[in-house]
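Happy to look at this one together.

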Amino acid sequence: MAFDGVTVAAIIKECKDLLTGSRIYKIAQPEPDELQLTLKTKTGQYYLLLSASASLPLIYLTGKTKQSPLTAPNFCMLLRKHIQNGRIVDITQPGLERIMQIDIEHLNEMGDLCRKKLMIEIMGKHSNIIFCNKEDMIIDSIKHISGMVSSVREVLPGKTYFIPKTEEKTDPVEFMESSLPDADKEKAFHGLVFQKPMPLYKALYTSFTGFSPILAQELCFRSNLDADRSALSFLQEEAQTTDLSALNYLQEKTRAAARSGLYEEFSTLMKQVISGQFSPVIVYDKNAPVEFAAVPMKLYSDACSRSFSSISALLETYYAEKNALTRIRQRSADLRKIVQTILERTVKKYDLQLHQIKDTEKREKYKLYGELLHTYGYGAEPGAKSLDALNYYTGETITIPLDPTLTASENAKKYFDRYGKLKRTYETLSKLTLEVKEEIDHLESIAASLDIAEQESDLVEIKEELIAAGYIRRKGGTKKEKVTSRPFHYISSDGFHMYVGKNNFQNDELTFKFAVGNDWWFHAKGQPGSHVVVRTGGEELPDSTFEEAARLAAHYSKGRGQEKVEIDYTEKKNVKKPGGAKPGFVVYYTNYSMMIDSDITGIEQVTS
């Protein structure tokens with residue numbers, strides 16, 4: 001979700017509760033557009049990160065510090081001069097704008113008590129941190145914006161600070177806290193939203209400050225309304241009941257109920273925001289964080305999600321995971337390109353071989369022609385172009401094409417030669433296609449391993465597998481990299497330990513060196529995926545553990561995301577590795593199967 005006004009409201013509620021009355025112990029500027037305040041309270045010490053980065057503006061409390069430059073930038077030095085050792089007296093949010101206002105009391109050089117304001121604007125590329133006096137005059141800012149850059153507002157020392165009103169939007173907090181009766185508020189809401197010729201969700205977020213498109217879609221979803229339907233279609237001029245047909249009257253009643261339903265959801269949400277009732281949550285898709293919100297997201301009720309007690313913890317986790325995922329994707333890009341290139345080339349080779357095998361299907365026909373010519377060739381007239389002969393295998397008469405320049409025996413020899421050549425081609429290609437198919441399966445399993453890699457150490461083992469398979473060469477003079485990656489470790493709801501291989505080397509290690517005979521083994525049927533081993537300790541597994549292990553096998557396979565994935569499972573003693581087989585390849589002949597989804601929400605992962 002965008003860093004919208006509701007998210008900022010959740011941060012301000014958290015900071016207000018924890019930091020009001022705190023003392024500014026240290027001020028650092030680790031990045032050109034970022035501040036870190038060290039704050040001391042009666043209950044402990046906190047670090048408040050304020051970032052005005054154009055690509056990733058943020059505000060959150062953290063337990064970690066960042067390395068600061070040896071020489072502090074001018075803006076940092078100015079803040080230290082004015083507000084270091086100052087006391088935070090209030091933290092507020094103007095309306096539901098994406099702005100945090102920190103009011104600070106401090107003693108000036110004369111020992112007089114003064115008040116300053118630190119304004120943190122989270123507005124995408126226009127984000128800024130602005131330092132003002134109590135009369136709203138700008139003392140300085142982390143970014144200077146001149147009139148040549150912005151015609152809306154200059155942000156320069158000596159200028160008056162104000163919040164730019166680039167769009168005519170209503171403050172939803174002021175709207176809900178007004179003294180108007182509920183019926184009048186609802187009517188005003190309808191007038192703001194339902195008179196716009198645009199999709200309903202867009203009409204919502206363009207009418208009220210602090211609302212992002214995804215939050216507007218969430219409200220439409222909660223109201224069971226089509227977010228993409230025109231807002232105008234929900235509004236119709238009221239008419240007398242006597243002038244309406246029964247059908248039109250029912251349609252208007254339905255539209256009125258839809259309008260009321262949306263207002264009720266809007267009102268409920270705003271009451272939660274105003275009272276500070278937030279429930280931060282991150283939504284995941286295939287282990288990757290895709291959305292976050294300060295309120296529950298029913299729009300993603302089918303997706304995996306993780307709840308947080310603190311919005312700061314959510315933001316720190318979300319962006320750390322997002323950055324880690326981006327970093328691992330960048331680091332694995334070269335390996336992905338190598339695997340994809342070889343895979344595409346190998347698939348083309350395999351398709352060509354299959355086409356060539358299809359061409360050899362005529363070999364049995366040529367063999368039959370040769371045999372029949374040996375039997376009935378005496379009846380062929382010299383110079384004949386064909387011979388009708390009885391196929392003694394089927395009892396049917398067939399016509400055999402002949403080369404008129406050759407005798408019947410010479411034509412028979414010609415057909416036998418063709419048969420022999422095609423037979424040899426078929427036998428050779430049959431063996432080759434099996435080898436090439438194994439290579440395709442191996443490459444697809446490596447691609448699947450790259451998809452589930454979470455750390456750089458996971459890539460080391462995959463790279464070693466590519467080197468061992470001859471797909472890439474080890475650079476001259478470089479040694480084999482130390483492998484520190486370990487399989488995923490989960491614990492079932494019944495307390496059984498479950499292990500998931502991250503790549504083919506780990507799959508082999510898990511199955512043939514770690515697991516014992518009575519442990520259970522799981523794998524997605526007919527597609528690349530991880531080996532899952534459940535340690536039984538000699539006990540019988542309950543059904544719930546079988547299902548959880550199967551979900552892990554489905555989740556860590558190419559079938560992840562499908563509604564149902566077929567999983568094979570058997571005792572480890574039934575799993576064998578053929579001689580000379582590629583890493584991760586096994587065979588088994590005694591197994592059970594189940595269809596299961598790939599949702600692993602609720603399965604406890606051991607991270608240590």
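Q: How many cavities of 30 Å³ or more does the count come to?
A: In this predicted model, the count comes to 1 cavity of 30 Å³ or more. About 60 Å³ of space lies in the largest cavity.

Q: What makes a residue part of the lining of the largest cavity, and which residues line the largest cavity?
A: A lining residue has an atom within 4 Å of a cavity point. The residues that line the largest cavity are S445, A448, S449, I452, K502, N504, N507, G529, S530, Y556 and S557.

Q: Which helices each supply at least two residues of that lining?
A: They are α11 (408–452) and α13 (504–514). The largest share, 4 residues, comes from α11.

Q: How do the residues of the lining divide into nonpolar, polar and charged?
A: There are 3 nonpolar, 7 polar and 1 charged. Gly counts as polar here and Tyr as nonpolar.

Q: Why is V575 called buried?
A: Buried means under 20% relative accessible area. V575 has 3% relative accessibility, so V575 counts as buried.

Q: Where does V575 lie, and what does V575 touch?
A: V575 sits in the loop between β19 (565–571) and β20 (592–596). Leaving out residues up to four places away in sequence, V575 touches T511, F512, W521, T570, V586, V587 and Y588. To be called a contact, heavy atoms must be within 4.5 Å.

Q: How do you know that the span of α8 agrees with its number of residues?
A: Helix α8 (residues 311–331) has 21 residues, and at 1.5 Å a residue they should span 30 Å. The end C-alpha atoms of α8 are 30 Å apart, so the two agree.

Q: What caps the N-terminal end of α8?
A: S310 does, with a side-chain oxygen 3.2 Å from the backbone nitrogen of S312. The cut-off for a polar contact is 3.5 Å.

Q: Which residues of α8 are buried, and what covers them?
A: I311, S312, L314, L315, T317, Y318, Y319 and I328 are buried. The cover includes α1 (5–19), β4 (58–62), β10 (281–285), β11 (288–293), β12 (304–307) and α12 (456–468).

Q: What does I139 touch, not counting residues up to four places away in sequence?
A: I139, which has its place in strand β9 (residues 138–141), touches L78, K116, F131, C132, N133 and P157. The C-alpha atoms of I139 and K116 are separated by 9.5 Å, and the two residues are 23 residues apart along the chain.

Notes
Residues are numbered from 1 along each chain as its sequence is written. This is a predicted model: local features need pLDDT of at least 70, side-chain atom pairs count only at pLDDT 80 or more; totals for chains, interfaces and linings use all residues. Side-chain values use heavy atoms; hydrogens and water are left out. The expected span of a helix is 1.5 Å times one less than its number of residues. Buried means under 20% relative accessible area, exposed over 50%, partly exposed in between (1.4 Å probe, protein chains only). A polar contact is a pair of N or O atoms within 3.5 Å; within protein, one must be able to donate a hydrogen and the other to accept it, and residues adjacent in sequence count only if both atoms are side-chain atoms. On a 1 Å grid over the protein atoms alone, a cavity is a set of points where a 1.4 Å probe fits but cannot get out, and a pocket is an open set with protein on both sides within 12 Å along at least five of seven lines; lining residues have an atom within 4 Å of a point. Grid points are joined across faces, edges and corners, and a volume is the space filled by probe spheres set on the points.
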